[in-house]
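Have a look at the model below before reading on. We'll start with some strands, then move to helices.

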Amino acid sequence: MAFDIDTQRQMAFNERNWDARTRIHARSDFYALGRRDPLDWILPFEWDALSDLAGKDVVHLQCHLGVETMALAKAGARTVGLDFSARSVEQADIAARNEKVEISYVRADVYDAVDVLGGARFDIVYTGKGSLCYLPDLTRWAQVVAGLLRPGGFVYVVEFHPLLNAFGTTVRPGNPVDLTVRHDYLGGRGAVERDSSRTYTDGPPLEGDTVHYEWPHGLGEVVTALALAGLKIDHLIEPDVLPFQRWPWMVQTDYGWWRGSGDAPRVPTLYALKANA
């Protein structure tokens, strides 16, 4: 079933926005393609959950530049990366060839993944880190994930925590920067329009296609969507690390990511869940 006209329009804006971002991201110090080991993009707790990938068939949904896709391939998986941005897929393929890893990249919308890639084909579906907010319908997404998995397979989602997206910062005289809830934690109000010439990496501003749309999804919505698709939740954790310094009091870990320090409240910034077919 197709999305309504407004949602299709919003998704088209997102595709153009990610096409525009790709040139900047590919040259950014943040991604450091060709200079940073792709294995660094997978966190220690992820490797524990993914376990031995040798000989496994893995698909990375909404893969963008494919940094995690390359890590999965380097760990021994037969890996496919899928993204709706043609420029992202093109750049990801170049990056993989430069890293001398064999990956099949496919340009397609995530909702079409079963039709494009085939059903019951993969041992593992990997996704997240800024992906789910671009999906208007998580129930349909979860059905796609379940359709891609072989019996005994699992999906592994590592995503920015909805609490992180709800926070803004407030500066109070005489006090350090504090966190304030400024945005929705829960979905249900439709898409949020954002218009910015800057992306989350370093580099120049976008030259156009600055508008994009995001759909908030609470943690309960994600878990329920997967459960309704017939998947069994194995575990859910809420780490406090990020790939960038979101707040001034964050310090860098020995593996290059950032976490809170000092007396700052410990709050989840990511969540990671594994659900079995």
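Strand E12 and strand E13 (residues 258-260) are antiparallel and joined by three bridges; strands count as paired if DSSP finds at least two bridges between them. Helices (H or I, at least four residues) and strands (E, at least two) are DSSP runs, numbered from the N terminus. This is a predicted model, where local features need pLDDT of at least 70 and side-chain atom pairs count only at pLDDT 80 or more, while totals for chains, interfaces and linings use all residues. Residues are numbered from 1 along each chain as its sequence is written, and side-chain values use heavy atoms, leaving out hydrogens and water.

**The sheet**
- Val251 sits opposite Arg259 of E13.
- Three strands make up an open, antiparallel sheet, in the order E11-E13-E12.
- At the edges you'll find E11 (241-242) and E12 (250-252), each pairing on one side only.
- Strands of a sheet pair through backbone hydrogen bonds, either parallel or antiparallel.

**Helix H1**
- H1 (residues 5-26) has 22 residues, so at 1.5 Å a residue it should span 32 Å, and its end C-alpha atoms agree, being 32 Å apart; the expected span is 1.5 Å times one less than the number of residues.
- Asp4 caps the N-terminal end of H1, with a side-chain oxygen 3.1 Å from the backbone nitrogen of Asp6.

**H1 meets H4**
- H1 packs against H4 (residues 86-99) at about 30°, with axes 7 Å apart; axes are lines fitted to C-alpha atoms, for helices over the stretch in contact, and angles run from 0 to 180 degrees between N-to-C directions.
- That makes H1 roughly parallel to H4 (angles under 35 degrees count as roughly parallel).
- Residues in contact (heavy atoms within 4.5 Å) include Trp18 of H1 and Gln91 of H4.

Methods. Polar contact = N/O pair within 3.5 Å; in protein donor to acceptor, adjacent residues only side chain to side chain. Parallel < 35°, antiparallel > 145°, perpendicular 65-115°, else oblique.
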